[in-house]
Amino acid sequence: MLETLAVKDCFKEAGLFEYVGEDYAKEHLRKRVYNGYKNIYGVDGLIVGSNQYTGAPLLATKAAYYTGAGIVKTITSEKVTSLLPLYIPEAIPVLRPQIFRYDDFDGYDALLVGCGLGLDESAFRAVIDIMTASICPLVIDADALTILSRNMHLLEKQDRSVILTPHIGEFKRLCHVEDYPDLMIAAQSFASQYHCILVLKGPHTIVTDGKSSYRIASGNKAMAVGGMGDTLAGIITSLLGQGYEPLEAAILGVYIHGRAGDEVAKQAYTVIPEKLIEEIPHTMALLIGEIEK
């Protein structure tokens, strides 16, 4: 343990990155206010899912609510809109239009695009519309990252906070390279070049805005299951909509996601995303001291 802490301190002193653990989460995670109501905890718009991929939007939506979002509108395909009330009745299903108008994005505190969106023509159109017609903070995940990798000029024109959440394969597509001498330097360089926040998923996930960089000390190998990325995207979007600073939302989101997975893994060989989601409120309550272990 002492050796591990010494290594962390060396990295921090060298200015390469800072490890984020429980202390950060306890310091930055907010308690819910006594007289709060749903609107103060954010209205999130999730442009996710398709008739082909129905699980991802359900996981992202449930994760956003379980992380504390006040209102979640899931803007999706007809098939997913019929499934949402059965899986999470709190969600507001909205049928995704063929073409978004500027006023379609009015009233949102945060947006998420990706998570089962697919790669057909309508998905490409949706990503382009969102990145040109919306102005609130945005999380880009999954299929939307693949679409973005073919339209990188859209990222260069953003005047709002944008959080990208790729795994290593998606990151390679975004950079159009096959390998990196140093993953941290590559992540920092990308975030700096495109003025975004990068969440590079993997063991000790990297979070960087190109100036400050972090590695997250939560998560485990049992979480290598489909749907984990959709869950994380929903968590980060929820925190963003609740008014956390974008970098803070990304760091906290990754830590909470990993910490909830760690709690489930104490009694499980694999961590299923839905079980992780159900652990989120308990994990957050532990971190802010409202309940004891």
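Residues are classed by relative accessible area as buried (under 20%), exposed (over 50%) or partly exposed (in between), with a 1.4 Å probe and protein chains only. The structure is a predicted model, in which local features need pLDDT of at least 70, side-chain atom pairs count only at pLDDT 80 or more, and totals for chains, interfaces and linings use all residues. Residues are numbered from 1 along each chain as its sequence is written, and side-chain values use heavy atoms, with hydrogens and water left out.

Side chains of opposite charge can pair when their charged atoms come close. A salt bridge is defined here as a side-chain nitrogen of Lys or Arg within 4 Å of a carboxyl oxygen of Asp or Glu. Under this rule, ten salt bridges are counted.

Two of the pairs involve Lys62. With Glu274, Lys62 forms a salt bridge in which the closest N and O atoms are 3.2 Å apart. Helices (H or I, at least four residues) and strands (E, at least two) are DSSP runs, numbered from the N terminus. Lys62 also meets the side chain of Glu278 in a salt bridge, at 3.8 Å from N to O. Here too, distant parts of the chain are linked: Glu278 lies in helix H12 and Lys62 in helix H3, 216 residues apart. Lys62 is classed as buried because its relative accessible area is 6%. Glu274, by contrast, is partly exposed at 32%, and Glu278 is likewise partly exposed at 38%.

A further salt bridge joins the side chains of Asp103 and Arg101, with an N to O distance of 3.5 Å. Salt bridges that share partners also connect Glu22, Lys26, Arg259, Glu263 and Lys266 into one network.

Patches consist of residues with over 30% relative accessible area and no salt bridge, like charges being joined within 9 Å and nonpolar side chains (Val, Leu, Ile, Met, Phe, Trp, Tyr) within 5 Å. Accessible areas come from the Shrake-Rupley method with a 1.4 Å probe, and for residues only the protein chains shown count as cover. Val33, Tyr37 and Ile40 make a nonpolar surface patch of about 280 Å². Of these residues, Ile40 is located in the loop between helix H2 (22-28) and strand E2 (43-48). Ile40 counts as partly exposed because its relative accessibility is 36%.
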